[in-house]
Amino acid sequence: MTETGFLGAALRSRSLVLGAVLTAVFVLAAVVSFLWVPHDVTAMDIPNRMKGPEGAHPLGTDHFGRDILSMIMVGARTSIAVAVVAVGIGMVLGVPLGLAAAARKGSLLDEVIMRGNDLVFAFPSLLIAIMITAVFGASALNAIIAIGIFNIPVFARLTRGAALSLWTRDYVMAARVAGKGATRISFEHILPNVTNLLIVQGTIQFSLGILAEAALSYVGLGAQPPLPSWGRMLADSQTMISIAPHMAIFPGLAILLTVLGLNLMGDGLRDLFDPKIRRVGR
Amino acid sequence: MLRFAFKRLVSLGLSLVVASVVIFLFVEVVPGDPAAYMLGLNATEETLAALREQLGLSGTLAERYLSWVGGMLRGDFGTSYTYRTPVSEMIADRMWISLPLAIYALTLSTLIAFPAGIWAASKRGSAADVSVMGLTQLGVAIPNFWFAMLMVLVFAINLRWFSAGGFAGWEAGVYPAMKSLTLPAIALALPQASILARVMRSSLLDTLSEDFIRTARAKGLTKRQALWRHALRNALIPVLTIIGLQFSFLLAGAIIIENVFFLPGLGRLVFQAISARDLIVVESVVMLLVFAVIVVNFAVDIAYAAVDPRLRVRG
């Protein structure tokens, strides 16, 4: 497959393009917010509080008169940062565990890793977050850790499953005959072949991370003031929903569209990476 | 089958022991003296000593763990420091909201997902299929607590069909109680129903392409007959697993949704306990929820093996 063929297929995939555009909009909003926002997100303007969308404030203002568009832009940073780091934790710890378990299938190591995974699965990330915050207090960092821990078994299982089928391939056998050790084979031959899967799963976990961060911040276990966060904006809007519904609608839409974009992108990438589906599509 | 069940039971027991050790140690790692942590800076030496006694902080780590687990096995979860009532009573009260809410949501999710998934699969590639799949994409992406807030805005504030929050109480009758749980249950069910509908559809499509379906069609069954008589039962296996997994998400999700609707369930209890630093309550509620998740997944494994004998061999 040539590079243009790959790119052409990518551009022909509607869900991939739509998803990538949606995701890019929010990533861009987060990046731009470092350089410029329409209004200072810490500046209160009480006379102009809870104004609906209008000229100077395209998405309206909140109960302190802060500009909602600016807060959504800055909030995108928090959401993206938390989700990216949480996926990173899951990958950095989960992938090597999965590779190790597959390399020593059926060994005590494999058994310990898999049972450990089962155990983490029994703790939904919210419960991990509850325990962490009950002991160490609420913060964005603790939200990252809670979501990250939950991601470890996801990546470990995925990697193990995919790696197991690769270990039976001829080229792996050839590498073993050539005298390469299990660790070298895992990193030189297995890992490159599971990368596509990891990218697709990473996109999905990224979107789940955004949802989880929003939920944690909403109940007060995530990002703390004055750090703007989509989940906390929703929590603030709740008691005012009957008089200022726009305060609830826009941050929620931001979450919905970001997650939708990432999911569509994940679906599109999965189809693209699967040559069987791609050839049929042509 | 018995052998399989026994092996699963042993692993269930092990999981519970390890989970309880993790939770116990987690609370033990509170920097410094847990009693001082819970009481804050102004505690007197006497109250600290009293709380230490009450927490069972005297004795070695192993002794404390065994007394905690032993207490739970007898239904004694200790006494809440802030409420001065037995934790088991508090949990029992609130359970009557959280558990029905999770079951209500699970029922709704199944009732929505099954027809939607079956319909989409039987009309594969049609406009119906595309719209159902599009809706489920939205359903998966929508934060359920936000959806809950929007429902409050529409159905409680504008249309006044439901109250915006609070719980009528079971003593007011089943109908008012269920009514106050309806919006929360819908909010909880929506994302789960979307996931389940997708799983149902793809599992059914996989089954429909198998040889035995072709055989059934060759014997003269219509597409519809083949689907209902042969495919559906076989397609249910992955769907069952997902339902089991969803129960834990529903329990955890209930904690958040209870906040939107001011429902006095386990979720509210746990958040009040966190802000009051009432670690005994937090520890007990988390243990209980983890227990529920592990037991439900065990039940699913057993149900799975009962449906599909091939799985028993794997152990």
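## Where the two chains meet

In this predicted model, chain B and chain A bury about 3500 Å² between them, and carbon and sulfur atoms give 84% of that area. Three residues, F26(B), W146(B) and M149(B), supply 18% of the area that chain B buries against chain A, which is more than any other three residues. The size of an interface is often given as the accessible area lost when the parts come together.

The contact can also be described by the residues that take part in it, and here chain B brings 42 residues while chain A brings 37 residues.

## Chain B

How many helices and how many strands does chain B have? The chain contains 13 helices and zero strands, so that reading along its sequence gives the pattern α-α-α-α-α-α-α-α-α-α-α-α-α. Along the principal axes, the C-alpha trace of chain B spans about 85 × 55 × 35 Å. Of the 315 residues in this chain, 47% are buried, and if one takes the contacts in chain B between residues at least 6 apart in sequence, 73% of them join residues at least 24 apart.

The accessible surface of chain B comes to about 15400 Å², and 65% of this surface belongs to carbon and sulfur atoms. As for charge, chain B carries 26 positive and 19 negative side chains, with the centres of the two sets lying 19 Å apart.

## Chain A

Chain A has eleven helices and zero strands, and its pattern along the sequence reads α-α-α-α-α-α-α-α-α-α-α. The C-alpha trace of chain A spans about 75 × 50 × 30 Å along its principal axes. Chain A has 282 residues, of which 52% count as buried, and among its contacts with a separation of 6 or more, residues 24 or more positions apart account for 70%.

Carbon and sulfur atoms make up 68% of the accessible surface of chain A, which comes to about 12500 Å². This chain has 21 positive and 16 negative side chains, and the centres of these two sets lie 10 Å apart.

For chain B, an unreviewed UniProt entry places the feature "domain: ABC transmembrane type-1" at residues 95-300. In the model, residues 95-300 of chain B are 83% helix and 0% strand, and the end C-alpha atoms of this span lie 22 Å apart. For chain A, the UniProt annotation "domain: ABC transmembrane type-1", also from an unreviewed entry, covers residues 76-266. That span of chain A is 81% helix and 0% strand, and its end C-alpha atoms lie 19 Å apart.

Which residues of chain A does UniProt list under "transmembrane region"? The unreviewed entry gives residues 16-37, 80-103, 123-150, 194-219 and 239-262. Residues 239-262 of chain A, in turn, are 71% helix and 0% strand, with end C-alpha atoms that lie 30 Å apart.

Notes: Residues are numbered from 1 along each chain as its sequence is written. Chains are lettered from A and ligands numbered from 1 in the order in which they are written. This is a predicted model: local features need pLDDT of at least 70, side-chain atom pairs count only at pLDDT 80 or more; totals for chains, interfaces and linings use all residues. Side-chain values use heavy atoms; hydrogens and water are left out. Helices (H or I, at least four residues) and strands (E, at least two) are DSSP runs, numbered from the N terminus. Buried means under 20% relative accessible area, exposed over 50%, partly exposed in between (1.4 Å probe, protein chains only). Contact means heavy atoms within 4.5 Å. Accessible areas come from the Shrake-Rupley method with a 1.4 Å probe; for residues, only the protein chains shown count as cover. Lys and Arg count as positive and Asp and Glu as negative; His and the chain ends are not counted. The place of a charge is taken as NZ of Lys, CZ of Arg, CG of Asp or CD of Glu. UniProt positions are given in the numbering used here, feature names are shortened, and annotations may be inferred rather than shown by experiment. Buried area is the accessible area (1.4 Å probe) that two parts lose on being put together, summed over both.
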